[in-house]
Amino acid sequence: MSENDTLSVDIWRGGEDGSFQTFHVPQRDHQTILDVVTYVQKKLDPALAYRFACRVGMCGSCAMTVNGEPRWTCRTHVSRVARDGKLTIAPLRNMPVIRDLVTDMTPFFEKWRRATGSFVPSATRHDPMASVDPASAERTAADEGIECINCGICYAACDVVAWNLDYLGPAALNRAWTLVNDERDADRTGHLRAVAGDAGCHACHTHQSCSTYCPKALNPTAAIAGLKRRTVEAALKGGL
Amino acid sequence: MQVERHETDLLILGSGGAGLFAGLHAHAANPDLDITVAVKGLLGKCGCTRMVQGGYNVALAPEDSVERHFMDTIEGGKWLNNQELAWTLVTVAVERIQELENELGCFFDRNPDGTIHQKAFAGQSFDRTVHKGDLTGIEIISRLMEQVWARRINRLEEHRAVELVRGRGEDRISGALLVDMRTGEFRFVRAKAVLLATGGGPTMYRYHTPSGDKTCDGMAMALRLGLRLRDMEMVQFHPTGLLAGVDTRMTGTVLEEGLRGAGGYLLGGDGERFMGRYDPRNERATRDIVSRAIYAEMRQGNVTPNGGVYIQMSHLGPDEVRRQFKGMVERCADCGFDLASGLVEVVPTAHYMMGGVEFGPDTSTGVPGLFAAGEDTGGVHGANRLGGNGVANSTVFGGIAGDVIPGWIARAGSAPEPDPDVIDAAVDRCLAPFGKPATDFHAIRDRLADLMWDKVGIMRTAEGIREAMRELEGMARELETTGLPATTRAFNLTWHDRMNLESLVMVSRSIAAAALAREDSRGAHFREDFPETSDLSTSTYTAVRLQNAALEVTNEPVAFTHVRPGQSLIDNTGRPLAKAGE
């Protein structure tokens with residue numbers, strides 16, 4: 001590309017009732033969406049609000065809606081998404097907008113808690129670590145979902161969340177699934193119970209947007225299917 | 001200026017391994033305690049614990065011992081460590097890793113027989129690094145974060161601390177002044193005790209690895225409070241940061257150590273390997289040696305288009321590279337680079353600060369009621385940190401802070417009223433830019449990055465450091481006259497960039513002052529005019545303090561409380577001496 005190539009970038013400004021503003025940003029060989037947003041803040045409009053931290057896809061702070069799709073902006077190269085030199089950058093869907101590109105992720109974190117997405121110990125710091133067969137079916141199932149960085153992309157991509165704001169959403173349910181499969185956890189039935197209700201796993205319509213957009217290539221849809229199966233089994237046995 | 005008031009028992013500044021462990025332990029010690037975690041970004045998401053790739057050093061195996069971990073830590077630290085702190089690190093790490101696995105639910109990698117896997121890591125005599133693939137930090141911080149969410153622990157997210165405030169007419173801490181970043185309003189949080197756990201992060205260098213929010217705010221606040229910072233000259237450079245030009249935030253981020261360990265080559269701009277000229281271990285030499293070698297090649301002009309060197313992995317077989325370094329290959333590919341079969345430009349990159357606030361094994365500091373843990377502190381690592389000792393440090397001492405503080409609060413009672421003059425002065429300092437003509441202060445940040453890289457970086461001389469000190473003073477004065485556009489203070493990143501720069505200039509000055517004072521070379525500190533390591537048995541460490549707006553440096557003797565240079569706690573087979581005769 002030549003030094004003179006310019007991107008036309010529409011960026012969301014304001015709160016829920018805001019609107020798009022167009023900026024012109026020079027295109028570079030090595031340039032992510034986060035770099036585009038940074039350029040606007042540093043060179044064109046110092047008041048632009050956005051959020052980022054790690055710069056390399058580890059923290060899950062910088063996700064935004066880019067040309068209509070939820071993405072980590074730090075790991076999205078401009079050349080992969082720009083169409084005819086145009087970009088549209090908006091805040092993530094399904095979360096309240098604080099200002100410009102920043103959303104309030106509190107409801108997303110709160111649902112993680114409501115899904116009891118935290119380990120219940122069966123041993124203490126004074127005990128040796130448990131022996132765990134790394135190839136067992138349960139460990140493998142848990143391992144497949146454990147690397148979630150809670151970036152909120154699946155939650156923003158989910159149509160069920162958009163219709164039903166009580167729905168726990170893919171990330172929280174995916175975490176619950178890893179705990180249900182964790183042989184060290186002392187209350188696996190409790191984790192199942194927390195996701196068995198109306199706003200839990202059974203609300204999923206298997207649209208698979210979560211799995212399509214997960215930047216870590218995790219499969220929350222499969223995790224939720226597992227939870228559906230296990231909650232039904234447990235209910236039939238009278239265990240919930 | 002309106003300053004909102006907020007009351008809590010324990011105020012924790014920072015939400016990395018140190019801050020979150022402190023919160024959980026303090027809550028367990030006294031569930032009635034009102035605990036508030038204030039953090040510059042989102043809880044558990046900003047900062048550097050999450051970015052840990054390597055793992056967690058801990059002596060668990062029967063053939064290993066805390067004595068052996070201790071000797072590796074002291075020898076790695078070139079005998080500058082505070083030995084009580086290092087001893088606390090290696091001994092408490094055993095309980096802490098079991099807590100991470102058993103109580104928080106961390107998934108650490110297993111051997112096929114179900115036992116915990118411990119991998120080899122540079123600079124250690126035993127394979128003791130517990131890990132979760134190459135994403136250990138994500139596992140640790142995610143599990144900590146959700147445990148904090150599950151408890152009655154208050155969160156002030158996107159609240160940045162701008163000043164530590166003593167009680168009126170008292171030595172004891174009264175709390176901290178914060179800016180609510182979402183509204184731009186000021187909030188004073190009065191607390192019976194405060195934990196400083198904001199992390200370090202040498203982002204004042206042109207190339208740096210830490211999270212973008214890291215700007216040494218904690219150390220800058222500690223200096224303004226009058227606390228001493230030790231070992232500030234000790235800045236660790238990682239040899240292989242991604243180099244993609246000045247226009248991208250990707251530049252400086254780490255390409256992992258394992259690439260060199262697995263047999264990766266470093267090539268100069270001429271396409272030839274050069275490490276053989278510097279060390280018989282070639283690319284597998286230690287971080288400091290490889291960083292200096294790359295820097296020397298760069299100074300000689302043997303460079304790539306962006307001014308660094310190349311890393312080449314393709315000779316190991318692209319499919320094998322893709323299999324073994326999936327995360328790194330994907331990260332490079334997302335940014336437009338082919339690590340598996342092409343060449344990727346790299347450059348040494350500032351990674352970690354061994355120096356920081358002087359503190360005790362119980363995490364107490366020189367100010368009553370103020371405790372410190374994690375990368376804000378100095379003394380644990382000495383002149384160099386072993387890979388895998390960083391997250392051990394933050395979690396060990398964060399947990400200790402949480403154990404100790406509830407008892408301290410019970411004895412000390414209610415918090416003093418804050419010194420109003422300090423709050424007023426801090427508010428004025430934060431708001432000062434809004435009344436002045438707006439100029440491009442980002443240019444000052446760029447100059448700072450170049451200056452620290454060129455003059456107080458991988459190789460240093462007295463002449464260069466003195467020049468840097470003069471220029472840093474000039475930058476501090478220049479900043480006083482540069483303003484900001486009169487826009488909203490709500491989520492105003494540019495305002496925070498400006499405050500970040502003030503912290504960085506202040507802490508850069510302390511790095512330069514300490515670097516000038518240390519007239520020998522050891523660990524991360526290399527003086528071209530004093531290339532030898534001086535006598536270890538008379539080792540001193542530097543301590544920097546802000547006194548009447550000037551930095552004062554003293555050299556303090558290292559106390560060899562566990563072992564003296566020339567001695568060891570282990571025999572030549574690695575067994576602890578006390579047990580050797582059993």
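In which sense do strand 1 of chain B and strand 9 of chain B pair, and over how many bridges? What we have here is a predicted model. In that model, strand 1, residues 3-13, and strand 9 of chain B pair in the parallel sense, over 10 bridges. One of the facing positions is B:E4, which stands opposite B:R187 in strand 9 of chain B.

Let me stay with strand 9 of chain B, residues 185-196. Strand 8 of chain B, residues 173-180, pairs with strand 9 in the antiparallel sense over six bridges. There, B:V179 stands opposite B:F186 of strand 9. The hairpin formed by strand 8 and strand 9 of chain B has four residues between the strands, and B:G184 takes a positive phi near 80 degrees in that hairpin. A further partner is strand 16 of chain B, residues 370-372, which pairs with strand 9 in the parallel sense over three bridges. In this pairing B:L196 stands opposite B:A372 of strand 16.

Is strand 9 of chain B enclosed, and why might one say so, or is it left open? Of its 12 residues, 10 are buried, so strand 9 of chain B is largely enclosed by the rest of the structure.

I turn now to chain B as a whole. Its secondary structure comprises 15 helices and 19 strands. The C-alpha trace of chain B spans about 65 × 60 × 45 Å along its principal axes. Among the contacts in chain B with a separation of 6 or more, 75% are between residues 24 or more positions apart.

In soluble globular proteins, nonpolar side chains tend to be buried together. The largest nonpolar core here has 254 residues, and those touching the most other members include A:L173, B:L10, B:V194 and B:L195. Helix 14 of chain B, residues 493-517, gives the most to this core, with 12 residues. Leaving aside residues up to four places away in sequence, A:L173 touches, among others, A:A115, A:V195, A:P220 and A:L227.

Finally, the interface. Here 54 residues of chain A are in contact with 52 residues of chain B. On the chain A side, helix 1 supplies the largest share, five residues. The residues of that side divide into 25 nonpolar, 14 polar and 15 charged.

Definitions and conventions. Residues are numbered from 1 along each chain as its sequence is written. Chains are lettered from A and ligands numbered from 1 in the order in which they are written. This is a predicted model: local features need pLDDT of at least 70, side-chain atom pairs count only at pLDDT 80 or more; totals for chains, interfaces and linings use all residues. Helices (H or I, at least four residues) and strands (E, at least two) are DSSP runs, numbered from the N terminus. Two residues are in contact if their C-beta atoms, placed from the backbone, lie within 7 Å. A nonpolar core is a set of buried Ala, Val, Leu, Ile, Met, Phe, Trp, Tyr and Cys residues joined through C-beta atoms within 7 Å. A residue is buried if 20 or more other C-beta atoms lie within 10 Å of its own, exposed if 12 or fewer, and partly exposed in between; C-beta atoms are placed from the backbone. Ala, Val, Leu, Ile, Met, Phe, Trp, Tyr, Cys and Pro count as nonpolar, Asp, Glu, Lys and Arg as charged, and the others, Gly among them, as polar. Two strands pair if DSSP finds at least two bridges between them.
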